[in-house]
Amino acid sequence: LTDLGKILSTLPMSPQIAKSLVMACILGCLDPILTLTSLLSQRTIFVSTLDRQAQADSAKMKLSCGYPSDHKTLLNAFNEWDSLQNGKDKEFAWRNFLSHSQLLKAKETRKQFRQLLSDASLVGNNKLVNNRHSTDWSVVKACLLAGLYPNVVRLDTTKKRTNMYDSSLGSVKVHPSSVLSKQINYVQFEQRWGMYSEKVRTVGGIFLYDFSQISPLAILLFSPQMKKIDSIHDILGFDHGDVDETESNSNNETLRLIKEIIRAKGGEIGLAKLSRLLNQAHPRFRSEMQCGIQQFLELHNFKVDKRSGARMVYSQEAGAYSNKEQSFPYFLSTCNWIYFGCKDLETIKLIQESKLILDRILESKVDLSNQRGMEIPEKAQQQFVDVLCLMLQKDSKYDDAKEAETTEFA
């Protein structure tokens, strides 16, 4: 077992919930993660009524407080209910179409989770230390992602709508019960990525429950893909032979991006649509091609056919892409990296060093007797975590000062 696995094995709860709680203990946002994990481990607290559905939707939107996030809505609803006493909590639940019994159950589960963490010596009694980053929503979401990964989707926004893509299932949608269901095409998302609690397949498609947008830095920090850094291809999970190395670097990026889009779309895509997606992710690609997009595609082993009045693009090597249900070993690919706007190995190494220090902090929690000599002073741990949380706040937009500071701690 890994050090994280050893910790998780001592907690009698699902690994996903336990993982989020362990990271919350390390990053100092325990209370909100205790609340969210207790709520996500049971039936929804929201009551659906056919005759008053509009009022119920309106109440849920108010509880979201303007955040395009189902998880934030859950957290707000519980916190407001929990702050009331003398029967006002029950009245609040009734007025906002919440299940009072489910809220009580979540509160009891929350206490049990807190006790289990204490029994495992993962958390102390200093509430200030346990919750020093609890008001930072970007850090809370990162801890939640640690347990939810790989439940991640990509957001592709056009002028008229926002499309969501799962790495193995292709196009997906938020569930109609989501606070985003009626405004998904009008929200100005700050990130190109989202996480969700669970998905369900219906006749109308694949729907996601409990959706929130997430920073790409959080995905890189808490995904298991980044292991050993030999090259950018190793980190992103691409075969070195995937693209002809004699091509220019800009062409390599564009070709990988095209292949990723075709794969996400199940093996083929309209030429006009592909052009729009490429412009969003890699706006300089036309000048780098030095020719028209159709000519570029045909020169690099893509086929363009006209079907029903529309020109469709597919790779002549794309037999493996034709099955939308196929599972792929990596979700982070070159196209994802282009979307992040980060192409230098120095930043990748900085993120990798941060992951290694998180692993060492986990080791110190497992190796309480310090038999392996891996102890990190408590003050140094807190300093590192504070800088890491600041990086998450900036949504992976590093400035030189913060890079230098984090490298020093590493």
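What is the volume of the largest pocket? In this predicted model, the largest pocket has a volume of about 800 Å³. H4 provides the largest share, with 4 residues. By residue type, the lining of the largest pocket consists of 16 nonpolar, 17 polar and 6 charged residues.

Among the contacts in the protein with a separation of 6 or more, 68% are between residues 24 or more positions apart.

Two packed helices are described by the angle between their axes and the distance between the axes. For H5 (residues 70-82) and H6 (residues 88-95), the axes come within 8 Å and cross at roughly 150 degrees. On the H5 side, Ala77, Glu80 and Trp81 take part in the contact, meeting Asp89, Phe92 and Ala93 of H6. The residues of this contact of H5 with H6 comprise 4 nonpolar and 2 charged, with no polar ones.

Strands of a sheet pair through backbone hydrogen bonds, either parallel or antiparallel. S5 runs parallel to S3, and 2 bridges join the two strands; here Lys173 has Phe207 in S5 as its bridge partner. S3 (residues 170-174) also pairs with S2 (residues 162-166), this time in the antiparallel sense and over 3 bridges. Tyr165 stands opposite Ser171 in S3. The two strands S2 and S3 form a hairpin, with 3 residues between them.

A further group of strands forms an open sheet of 3 strands, arranged in the order S6-S8-S7 with antiparallel pairing. Strands S6 (269-270) and S7 (302-307) stand at the edges and each has a single partner strand, so one side of each is left without a neighbour in the sheet. S7 and S8 (residues 310-315) run antiparallel and are joined by 6 bridges. Across this pairing, Val304 stands opposite Val313 in S8.

Methods: Residues are numbered from 1 along each chain as its sequence is written. This is a predicted model: local features need pLDDT of at least 70, side-chain atom pairs count only at pLDDT 80 or more; totals for chains, interfaces and linings use all residues. Side-chain values use heavy atoms; hydrogens and water are left out. Axes are lines fitted to C-alpha atoms, for helices over the stretch in contact, and angles run from 0 to 180 degrees between N-to-C directions. Contact means heavy atoms within 4.5 Å. Ala, Val, Leu, Ile, Met, Phe, Trp, Tyr, Cys and Pro count as nonpolar, Asp, Glu, Lys and Arg as charged, and the others, Gly among them, as polar. Two strands pair if DSSP finds at least two bridges between them. On a 1 Å grid over the protein atoms alone, a cavity is a set of points where a 1.4 Å probe fits but cannot get out, and a pocket is an open set with protein on both sides within 12 Å along at least five of seven lines; lining residues have an atom within 4 Å of a point. Grid points are joined across faces, edges and corners, and a volume is the space filled by probe spheres set on the points.
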